[in-house]
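Student: I am new to this structure. Please take me through its salt bridges, closely and in order.

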Amino acid sequence: MGALPVYRWRLAPDGYATRRQLRALGLRPGGQDVAAQLERPRRRRGPLVAYLYRVDLALPVRPMTPARRAALAAANRARRTCPSCRRDAGYVIPTALGTCVPCADPGPHGPDGSTL
């Protein structure tokens, strides 16, 4: 296969879309190869590149099944659970900290923040 067609930012012809644009339309690439690419020039660095897919070859997004929904909920719950105190932090724990904020910086009142 030859080189991909390259278009300037915002100048791609109709019928092409990025993954995000396909998703907004309820579509997915569906195994097709990248059809073209966009390049956005930047000063002092290489251009930003976005890959484009053909909309006419895109397939509908697969429906969310109960098993998939449960797996996604379990994965998100694991990202919110602190490995130190084993509590649900209520937010995704930053990888830079590795633990919830109270465990990472307990302060003078202990990890739970209480004064007792």
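Tutor: The structure holds 2 salt bridges. A salt bridge here is a side-chain nitrogen of Lys or Arg within 4 Å of a carboxyl oxygen of Asp or Glu. Side chains of opposite charge can pair when their charged atoms come close. This is a predicted model: local features need pLDDT of at least 70, side-chain atom pairs count only at pLDDT 80 or more, and totals for chains, interfaces and linings use all residues. Residues are numbered from 1 along each chain as its sequence is written, and side-chain values use heavy atoms, with hydrogens and water left out.

Take Arg-54 and Asp-56. Asp-56 is exposed, at 56% relative accessible area. Arg-54 is partly exposed, at 34%. Buried means under 20% relative accessible area, exposed over 50%, and partly exposed in between (1.4 Å probe, protein chains only).

Now Arg-80 and Asp-88. Their salt bridge has its closest N and O atoms 3.3 Å apart. Arg-80 counts as partly exposed, at 25% relative accessibility. Asp-88 is also partly exposed, at 46%.

Back to Arg-54 for its setting. Strand 5 covers residues 45-54. Strands are DSSP runs of E, at least two residues, numbered from the N terminus. Strand 5 pairs with strand 4 (residues 36-42) in the antiparallel sense, over 6 bridges. Two strands pair if DSSP finds at least two bridges between them.

Definitions and conventions: Helix = DSSP H or I, 4+ residues; strand = E, 2+ residues; numbered from the N terminus.
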